[in-house]
Amino acid sequence: MDTGNIDVEQLEKKITKKTKAILPVHIYGHPCDMDPIIKIAKKHRLYVVEDAAEAHGALYKGRIIGSLSDVACFSFYANKIITTGEGGMALTSNRKIAERLRLLKNLSFVKRRFIHHEIGFNYRMTNIHAAIGLAQLENIDKLINLRRKHAHFYNKLLKGLDWINIPVEKSYAKNVYWMYGITLKGKMRNKKKSLVNYLKGKGIETRDFFTGMHKQPVFRKMGLFHGERYPNTDILAATGLYLPSGSGLKEKEIRTVAQAIKSF
Ligand SMILES: Cc1ncc(COP(=O)(O)O)c(C=O)c1O
């Protein structure tokens with residue numbers, strides 16, 4: 001609950017005959033607790049596909065996120081830790097999966113171009129975007145260190161406030177703090193809208209935490225999640241927001257945001 005990541009205690013209860021894979025999302029840059037997830041996956045013969053869109057460079061027990069599962073997916077969208085503007089990357093150590101991904105990416109040409117063996121896609125990354133990505137990669141350590149430094153500074157300024165929860169970093173994790181998220185607690189739980197508007201009035205933009213998949217209209221229409229409850233996800237969505245978190249933040253700006261929260 002405190003990381004916002006998948007609850008490994010609940011996970012096994014959700015597995016049915018139809019389940020093919022477990023898809024842990026390393027939310028806001030904090031790794032999921034992968035060992036129990038991998039153990040459950042092995043027991044039930046399931047794939048593990050990590051959503052590492054927000055977790056470039058994060059570590060789980062010293063191991064790099066992206067190397068722990070069957071496939072790990074990263075985003076290089078403009079607001080990510082490193083970016084190519086749009087695009088992403090899937091990592092796998094499984095040769096068969098790699099071959100299949102390459103096929104699907106490139107219109108399912110097998111031996112000859114323009115002969116399609118199944119429905120494929122054009123998900124190719126252009127050389128220009130790849131060049132931007134490689135240049136970004138040279139700076140990744142610096143960018144992650146900046147995000148961690150900013151998060152530690154926010155922590156220092158906000159940790160005395162008893163009406164908010166600040167992000168955690170579990171003993172097994174290196175959090176890359178893609179976003180610095182807080183949740184409101186106690187009597188202030190219902191005050192998110194007022195806080196958001198108050199900060200907006202001071203020129204400080206925030207974003208709501210994600211809405212749970214069980215609330216997404218597309219899945220409701222597909223008949224999924226009916227009668228199921230995900231109270232932790234709902235609480236996080238209702239009480240959570242993230243503060244300005246980009247690597248370009250200045251200490252002065254972090255101080256201004258923290259001061260505004262305190263004055264609220
Ligand atoms: C957790 C998570 N998964 C997936 C995505 C989608 O990534 P993309 O926009 O590159 O498709 C994002 C992007 O914000 C994300 O944060």
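How many residues does the largest nonpolar core have, and which of them have the most contacts inside it? The largest nonpolar core has 39 residues, and those with the most contacts inside it are I65, V176 and W178. A nonpolar core is here a set of buried Ala, Val, Leu, Ile, Met, Phe, Trp, Tyr and Cys residues joined through C-beta atoms within 7 Å, where buried means that 20 or more other C-beta atoms, placed from the backbone, lie within 10 Å of a residue's own. Among the elements that give two or more residues to this core are α2 (34–44), α5 (140–158) and α9 (251–263), with helices being DSSP runs of H or I of at least four residues and strands runs of E of at least two, numbered from the N terminus. The largest share, five residues, comes from α5. Because domain 1 (8–140) and domain 2 (142–263) both give residues to this core, it lies between them.

The model is predicted, and local features need pLDDT of at least 70, while side-chain atom pairs count only at pLDDT 80 or more and totals for chains, interfaces and linings use all residues. Residues are numbered from 1 along each chain as its sequence is written.

The domain bounds come from an automatic or database domain assignment, and the centres of domain 1 and domain 2, taken over C-alpha atoms, are separated by 25 Å. In domain 1, 17 residues are in contact with 13 residues of domain 2, contact meaning that the C-beta atoms of two residues, placed from the backbone, lie within 7 Å.

Two open sheets are set side by side in the table, where strands pair if DSSP finds at least two bridges between them.

| Strand order | Number of strands | Pairing |
|---|---|---|
| β4-β3-β8 | three strands | antiparallel |
| β1-β2-β5-β6 | four strands | mixed |

In the sheet of four strands, β1 (21–22) and β6 (88–91) stand at the edges with a single partner strand each, so one side of each is left without a neighbour in the sheet. Three bridges join β2 to β5, which run parallel, and the bridge partner of E50 in β5 is A72. In the other sheet, two bridges join β3 (residues 59–60) to β8, which run antiparallel, and L59 stands opposite K174 in β8.

Finally, the ligand is surrounded by V25, D51, A53, E54, S75, Y77 and G88, each with its C-beta atom, placed from the backbone, within 6 Å of the molecule.

Technical notes:
Buried ≥ 20, exposed ≤ 12 C-beta atoms within 10 Å, placed from the backbone.
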